[in-house]
Amino acid sequence: MTVPTASIVIPTEGRPDYLRATLASVVPQARRAGAEVLVVGHAQDSATAAVAEQFEARLVPAPSPGTLNASRNAGAKAARGELIVLIDDDVRAPLMWLQTLLAGVAAAPDHDVFGGPIRARLEGGGPRACGREPAPITTLDLGPDDRDAALVWGANMAIRRRALERVGGFDEAMHGRGDEEDWERRYTAGGGRIRYLARAGLDHWRSAPDATVRSLSRAAYGHGRAGRRYDVRKGRAPSLGGELLTLAGCVWHTLRRRCAVGLVLTAQAAGRLRESLVGPR
């Protein structure tokens, strides 16, 4: 059996419309490059299974119950390629994304981890922004040139199998902020190097109903709680007073700038404060 040039692993959970758009942009590129596409989802989710079948992607059973990291590990274990490409189920891959990524990997044989830009795309424009704050979903922009990086994000990340074998899998107990960062820090602590590929970018998108202040704020609140937990784990969590100051600053920014994105940031700060009050210390 021919070994694929790469194994593209896409964890998903109950978002068939997002997954359909992701696969529509990724699968044609994978076919041209000789790569395989694996969707890690729950077998009993008939909508996910139908979308995977529509695009002839291989469905890998997700651990249940499980975290995103558990799905990443399951996908990597089932993959046949030596290069594991992790993307989220809510991205769109521009033409030449995969070809550019593979060329960048081939040009850096002394690196085992790679990542590219992640650009926010909010249908309808998203909440009103004052221009001082970043988009309220995960993005990454380390400049116009390829370079070594401290971290890249799991929405657009490639790992040589040998690095997973050396470092071990992702920590399945982690959920939310820091899940891929924890693994990358273990990797770099052992001397590993991460390469940022400036032209291998993906679009991270939200449909119009999911790009409202209410929807983004709900997600941001959860991210805030997870972010606080990860900071505690690292021993770098701000004091309660520090979290209160951050929350107050977000409220001030929202009112002073009439910035709807500030409401999303306020929700994230509120999640951090809530976790500092009720979470483990």
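Accessible areas come from the Shrake-Rupley method with a 1.4 Å probe, and for residues only the protein chains shown count as cover. On that basis the protein chain exposes about 13400 Å². Carbon and sulfur atoms supply 53% of that area. This is a predicted model: local features need pLDDT of at least 70, side-chain atom pairs count only at pLDDT 80 or more, and totals for chains, interfaces and linings use all residues. Residues are numbered from 1 along each chain as its sequence is written, and side-chain values use heavy atoms, with hydrogens and water left out.

**The chain as a whole**

- The protein chain has nine helices and eleven strands. Helices (H or I, at least four residues) and strands (E, at least two) are DSSP runs, numbered from the N terminus.
- The radius of gyration is 19 Å, close to the 19 Å that the globule rule gives for 281 residues, so the chain is as compact as a globular protein of that length. This radius is taken over C-alpha atoms, and the globule rule is 2.2 Å times the number of residues to the power 0.38.
- Along the principal axes, the C-alpha atoms fill a box of roughly 60 × 40 × 40 Å.
- Buried residues make up 50% of the 281 residues. Buried means under 20% relative accessible area, exposed means over 50%, and partly exposed lies in between (1.4 Å probe, protein chains only).
- Take the contacts between residues at least 6 apart in sequence: 77% of them join residues at least 24 apart. Contact means heavy atoms within 4.5 Å.

- Strands of a sheet pair through backbone hydrogen bonds, either parallel or antiparallel. Two strands count as paired if DSSP finds at least two bridges between them.
- Eight strands form an open sheet with mixed pairing, in the order 3-2-1-4-9-6-10-8.
- Strand 3 (58-61) and strand 8 (147-149) are the edge strands, and each pairs on one side only.
- From one strand to the next, the twist averages 30°. Axes are lines fitted to C-alpha atoms, for helices over the stretch in contact, and angles run from 0 to 180 degrees between N-to-C directions.

**Strands 4 and 9, with their partners**

- Strand 4 (residues 83-87) and strand 9 (residues 156-160) run antiparallel and are joined by five bridges.
- Val-85 stands opposite Ala-158 in strand 9. Leu-86 has Met-157 as its bridge partner there, and Ile-87 has Asn-156.
- Strand 4 also pairs with strand 1 (residues 7-11), in the parallel sense, over three bridges. Here Val-9 stands opposite Leu-86.
- Strand 9 also pairs with strand 6 (residues 113-115), in the antiparallel sense, over three bridges. Gly-115 has Met-157 as its bridge partner in strand 9.
- In strand 4, five of five residues are buried. Leu-83, Val-85 and Ile-87 point one way, while Ile-84 and Leu-86 point the other way.
- In strand 9, five of five residues are buried as well. Asn-156, Ala-158 and Arg-160 lie on one side, and Met-157 and Ile-159 on the other.

- Three strands form an open sheet in the order 5-11-7, with mixed pairing.
- Strand 5 and strand 7 (118-122) are its edge strands, and each pairs on one side only.
- Strand 5 runs antiparallel to strand 11 (residues 202-206), and two bridges join them. Val-91 stands opposite His-204 in strand 11.

**Two loop residues with positive phi**

- Most residues other than glycine have a negative phi.
- Met-96 has a phi near 80°, a positive value in a residue other than glycine. Met-96 sits in the loop between strand 5 (91-92) and helix 4 (97-106). Its relative accessible area is 43%, so Met-96 is partly exposed.
- Arg-258 has a phi near 50°, which is also positive. Arg-258 sits in the loop between helix 8 (240-257) and helix 9 (260-278). Its relative accessibility is 70%, so Arg-258 counts as exposed.

**Arg-257**

- Arg-257 is found in helix 8. Its relative accessibility is 26%, so Arg-257 counts as partly exposed.
- Leaving aside neighbours within four places in sequence, Arg-257 is in contact with Arg-128, Cys-130 and Arg-132.
- Arg-257 and Arg-32 are 225 residues apart in sequence and 48 Å apart in space, C-alpha to C-alpha.
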